[in-house]
Amino acid sequence: MNNQLSDDGLREDLISNEDLRSQSEELVSSLVANLSNDDLVNLEADSWNPVIEILGGIAITRARQGFSPRETGRFVHTLKEALVEVLQREITDPKELVKESLKVNRVMDNLSIVTFETFIKGREEVILRQTDEIAEISTPVIRVWDGILALPIIGTLDSSRTQVVMENLLQEIVATGSSIAILDISGVPAVDSLVAQHLIKTVAATRLMGAECIISGIRPEIAQTVVHLGIDLSNIITKSSLASALAHALKVLRLEVRKINPNINNNNR
Amino acid sequence: MISVTMTKPKTMILSLSKDTVQVYREQDVVLLRNRVREVAVKIKMGLVNQTKLITAASELLRNMLRYGGGGTCLIEVVTRGRDNGVRLTFQDKGPGIPDLEAAMRDGFSTGKSLGLGLPGAKRLCNEFDLKSKPGEGTTVMILKWANG
Amino acid sequence: MDKIPILRMGNFLLVTIQVDLYDRIALDLEADLVQMVNKTGSKGVLIDISAVSIVDSFMGRIIGNIASMSKILDAETVVVGMQPAVAITLVELGLPLKGVYTALDVEKGMNLLRSMIVSDFGNDDETEDDDFIP
């Protein structure tokens with residue numbers, strides 16, 4: 001414990017001293033309880049499992065709490081240093097000391113690696129969860145009017161994201177009975193032939209469902225790139241802004257937006 | 001500056017379960033579709049991916065019935081660490097495909113069909129393999145991961 | 001001996017596909033439908049695939065055939081109720097489905113057919129005028 005407390009890397013903000021003490025005690029008691037002299041040599045033995053489990057648990061929680069890898073690694077190292085100190089105190093024969101020190105070294109190194117592996121796994125879980133969340137929130141389908149849906153696409157469009165977009169859009173079309181979908185790509189940074197393919201597929205799928213798709217938010221640079229790449233968008237309705245796409249959609253649905261004449265109201269009073 | 005070249009280790013694909021279905025009549029198509037759907041649902045494959053997988057299987061099945069005189073379909077659940085997937089292997093002892101390149105072209109058909117079966121199945125799945133020798137039959141493998 | 005039933009909805013014919021189409025049943029459907037279009041003088045065919053979860057190129061071909069045959073007999077074909085997963089798969093599969101109109105449901109499909117027929121009549125009047133040369 002003293003070693004840990006004196007360490008510069010002590011993260012008092014992330015973990016209290018009491019918790020640190022209890023974690024350390026848990027690990028040490030597990031080590032003591034589960035190991036005989038033979039096991040110290042055989043690192044694959046089953047009796048290591050409880051120790052590894054505890055260590056793994058500590059590593060994962062630290063990963064989730066935001067400890068750096070070095071900080072988590074230090075946890076095992078301070079134990080090693082403490083053990084070596086104890087050995088130095090208790091063993092007087094130099095040859096014996098070296099032999100035991102090497103054993104302790106090997107054991108601690110192995111535990112270090114376990115810590116490392118579990119730490120990485122913990123981080124990967126966070127990344128996966130965030131990736132899913134990003135996919136979820138970045139493709140909202142908005143009902144702008146009865147029968148008209150709008151999809152602002154933000155970020156890059158790869159094949160897996162396109163499938164998510166298509167699925168959400170088509171399900172909304174069924175749920176709302178909409179006949180027009182406006183795909184706004186002003187939030188898509190670059191449109192290359194692959195992205196254009198994905199857009200064309202989305203339009204085709206919408207048409208198969210009996211609805212029509214308008215692509216809006218096309219920046220001038222994108223128009224240039226599309227022509228230079230020889231991409232054929234001739235049978236897709238394209239508009240530069242969401243507003244003009246909406247105007248077009250209203251016209252198709254034979255709807256009109258009119259200014260309310262104030263004079264009529266005055267007469268009624 | 002130290003530059004390190006890392007070669008990506010080839011991840012082993014392990015087979016977790018095997019199931020073989022004989023397909024010799026048109027009615028077997030429905031049976032196979034249901035079996036494949038069952039397996040896909042078990043590994044939590046999403047609906048769109050399920051549909052793509054079963055549609056691809058349907059294409060290959062019809063090919064096998066029409067040109068190969070029927071055959072077997074091996075349904076496997078496979079894994080490569082974190083991901084699970086479904087692998088289907090269709091095998092027939094028919095006349096074989098003389099021109100593999102042409103067969104993989106959209107619109108090419110030796111019958112009355114639209115010629116979309118083989119290239120279409122390839123597009124719908126993650127992995128595709130076709131082996132055929134005239135006189136020795138045809139083996140087609142498709143694999144779809146649960147997460148596409 | 002199962003056949004796919006063809007219902008009459010006013011001036012249109014409605015086919016609801018709920019079973020797997022394989023060779024014999026598909027050919028029967030094509031033949032029956034063509035006969036019915038001819039017999040009733042129907043101007044529109046609605047194919048309801050809302051219960052179909054898998055559409056492969058074979059079924060695509062049958063639908064395309066029905067559309068072409070009906071067109072020859074002066075009827076339009078509208079496919080209704082396609083499931084989203086099916087639409088996404090068909091696009092990936094590359095199925096052309098030419099000459100086939102689509103609508104979200106039977107009601108929208110009938111509206112579409114009606115609008116197509118009205119425009120047909122409109123065009124007919126014009127051509128009659130053009131052809132009339134004393």
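User: Which residue stands opposite Phe12(C) in β2(C)?
Analyst: In this predicted model, the residue that stands opposite Phe12(C) of β2(C) is Met9(C).

User: And how do β1(C) and β2(C) run, and how many bridges join them?
Analyst: The two strands run antiparallel, and four bridges join β1(C) to β2(C), which covers residues 12-16 of chain C.

User: What's the strand order in the sheet, and what is the pairing?
Analyst: In chain C, five strands form an open sheet in the order β1-β2-β3-β4-β5, and the pairing is mixed. The edges are taken by β1 (6-9) and β5 (101-103) of chain C, each of which has a single partner strand, so one side of each is left without a neighbour in the sheet. From one strand to the next, the twist averages 30°.

User: Which strands does α2(C) touch when it packs on the sheet?
Analyst: Helix α2(C) touches β3 and β4 (76-80) of chain C, and its direction makes about 150° with that of β4(C).

User: OK, helices now. At what angle do α1(C) and α2(C) cross?
Analyst: The axes of α1 (residues 23-40) and α2 (residues 57-72) of chain C cross at roughly 20° and come within 10 Å. Because angles under 35 degrees count as roughly parallel, α1(C) is described as roughly parallel to α2(C). The crossing in which α1(C) passes α2(C) is right-handed.

User: Which residues make that contact?
Analyst: From α1(C) the contact is made by Ala26(C), Glu30(C), Leu33(C), Val34(C) and Val37(C), while α2(C) contributes Ile62(C), Asn65(C), Ile66(C), Met69(C) and Ser70(C). Sorted by class, the contact of α1(C) with α2(C) has seven nonpolar, two polar and one charged residues.

User: Switching topic: how many residues of chain B are in contact with chain C?
Analyst: There are 21 residues of chain B in contact with 18 residues of chain C. On the side of chain B that touches chain C, α1 (27-42), α2 (47-67) and α4 (117-124) of chain B each supply at least two residues, and the largest share, nine residues, comes from α2(B). By class, that side of chain B has eight nonpolar, six polar and seven charged residues.

User: Where is confidence lowest in chain C, and where is it highest?
Analyst: In chain C, confidence is lowest in helix α4 (residues 106-131), at a mean of 71, and highest in strand β3 (residues 44-48), at 96. Over residues 123-134 of chain C the pLDDT is below 50, and beyond near neighbours in sequence this stretch has zero contacts in the model. Where pLDDT is low, the predicted coordinates should not be read in detail.

User: What about the averages and the overall scores?
Analyst: Chain C averages a pLDDT of 86, with 87% of the residues scoring at least 70, and the model scores ipTM 0.84 and pTM 0.75.

Terms used: Residues numbered from 1 in each chain as written. Chains lettered and ligands numbered in written order. Predicted model: local features only at pLDDT ≥ 70, side-chain atom pairs only at ≥ 80, totals over all residues. Axes fitted to C-alpha atoms, helices over the stretch in contact; angles between N-to-C directions. Parallel < 35°, antiparallel > 145°, perpendicular 65-115°, else oblique. Left-handed = near helix turned anticlockwise from the far one by under 90°. Contact = placed C-beta atoms within 7 Å. Nonpolar A, V, L, I, M, F, W, Y, C, P; charged D, E, K, R; others polar. pLDDT = per-residue confidence, 0-100. Pairing = 2+ DSSP bridges.
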